[in-house]
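Keep the structure open as you read.

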Number of protein chains: 2
Amino acid sequence: MLEKISLQTLQRLPVYLELLRQDAASDNISANRIAEELGLTEIQVRKDLAAVSDAGRPKKGFVVTDLIADLERALGYDNADDAVLVGAGRLGRALLSYAGFQRYGLNIVAGFDTNPRAWGQDEVSGKMIYAMDKLDDLCRRLSVHMGIITVPAPVAQCVCDELVGAGCRAIWNFAPTHIRAPGNILIKNENMASSLALISHHLRRNLEEEA
Amino acid sequence: MLEKISLQTLQRLPVYLELLRQDAASDNISANRIAEELGLTEIQVRKDLAAVSDAGRPKKGFVVTDLIADLERALGYDNADDAVLVGAGRLGRALLSYAGFQRYGLNIVAGFDTNPRAWGQDEVSGKMIYAMDKLDDLCRRLSVHMGIITVPAPVAQCVCDELVGAGCRAIWNFAPTHIRAPGNILIKNENMASSLALISHHLRRNLEEEA
């Protein structure tokens, strides 16, 4: 079933799941109600959910507990992905210690940094931060296939190459720069500078219109 | 000039700027070189940059310092946006103390939280965290028009409503849920759960193919 899900549907699934988790006291929920809550069309909701679940019943709607289980399975939350994080600065440490990731099937096993002062156990997260020369061995030993990049932009490509060399097949990049990898490696950019560009542009237009 | 920029172009501008800042030692850079470095087409690069700069010279390419200044102006980095942040948990505190935002024209003036234990000066960022009942007054007094939401999903909508009520016209939402606001308010979702859904899906397909 997995390969039939579009990328657009896939990115909406966590939003459905979050709504249902908030609403877990109800036995049933209709596609119409979900659509209203999320500002989507009912057709869109039916199509998205049909791709991952057959918990829908005519006139009754979806059985909430079944739909939650189907969404969790489709999202792989029943089988967490292990990841390593490179770059134990402020953002990196924040992600290391962010408890919310466990709810989304992500387990960051360790951090890496070039700075010897960062090495050792991180106080907040309790996770170990190692020197870069330990990266390859740890990724292979624990079969880690995902790397998170939180280093400054100028060294992000070099770190990406090391992660790919260590066997990572997916890279989550928080460095505000474009990085490249072979075609079979997924790179997901989390470019907060791009988000801020949109926000700032909106604010300036909005305030100009008022002036 | 501002209103002619497409949202797609706007989101690429910080990536161009980052590349140029890395390369600030050169006097000139060609559109072709930029395209190669970023994995874009030359036509795309020319079109994007023409929307914000006339620093391009035939055969010589772009004057790097001029192009940097034009990009910074187009992105509003010369005139930082003030913002408030609601939700001083781990992610919220990390964003409060993230020095990188200053480079992107964002100045978070204060944090807010319902938990009295969070109130006072944040140790890491040095910024003040206030009770929620101070939100409206502070936003109006300092003319803050941007709110950042880092609260748990179930209370995100309520916080959004308070921010809009206090005069915010743009909301940067890190809560993994859908929130709504009137049409003139921009909501930019930073849904890390959606990113993780893509990554996890890629990894499972990749590993299945190998098995």
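Contact here means heavy atoms within 4.5 Å. By that rule, 64 residues from chain B and 64 residues from chain A take part in the contact. Bear in mind that this is a predicted model. The points below start with the interface, then turn to strands in each chain.

- The size of an interface is often given as the accessible area lost when the parts come together.
- Chain B and chain A bury about 6,200 Å² between them. Carbon and sulfur atoms account for 65% of that area.
- Across this interface, 28 residue pairs are in polar contact, both residues having pLDDT 80 or more.
- Several elements of chain B give two or more residues to the side that touches chain A. Among them are the helices H1 (7-22), H2 (31-38) and H4 (64-74) of chain B. Strand S9 (170-173) and strand S10 (186-189) of chain B are also on that list.
- Which element gives the most to this side of chain B? The answer is H9(B), with 18 residues.
- The residues on the side of chain B that touches chain A divide into 33 nonpolar, 16 polar and 15 charged.
- How many salt bridges are counted between chain B and chain A? The count is zero.

**A three-stranded sheet in chain B**

- Chain B has an open sheet of three strands, in the order S1-S3-S2. The pairing is antiparallel.
- Strand S1 (28-29) and strand S2 (56-57) of chain B are the edge strands. Each pairs on one side only.
- Strand S3 (residues 61-63) of chain B is joined to S1(B) by two bridges.
- Within this sheet, B:Asn28 stands opposite B:Val63 in S3(B).

**Strand S5 of chain A**

- S5(A) pairs with strand S4 (residues 81-86) of chain A in the parallel sense, over six bridges.

How values were computed: Residues are numbered from 1 along each chain as its sequence is written. Chains are lettered from A and ligands numbered from 1 in the order in which they are written. This is a predicted model: local features need pLDDT of at least 70, side-chain atom pairs count only at pLDDT 80 or more; totals for chains, interfaces and linings use all residues. Side-chain values use heavy atoms; hydrogens and water are left out. Two strands pair if DSSP finds at least two bridges between them. Helices (H or I, at least four residues) and strands (E, at least two) are DSSP runs, numbered from the N terminus. Buried area is the accessible area (1.4 Å probe) that two parts lose on being put together, summed over both. A salt bridge is a side-chain nitrogen of Lys or Arg within 4 Å of a carboxyl oxygen of Asp or Glu. A polar contact is a pair of N or O atoms within 3.5 Å; within protein, one must be able to donate a hydrogen and the other to accept it, and residues adjacent in sequence count only if both atoms are side-chain atoms. Ala, Val, Leu, Ile, Met, Phe, Trp, Tyr, Cys and Pro count as nonpolar, Asp, Glu, Lys and Arg as charged, and the others, Gly among them, as polar.
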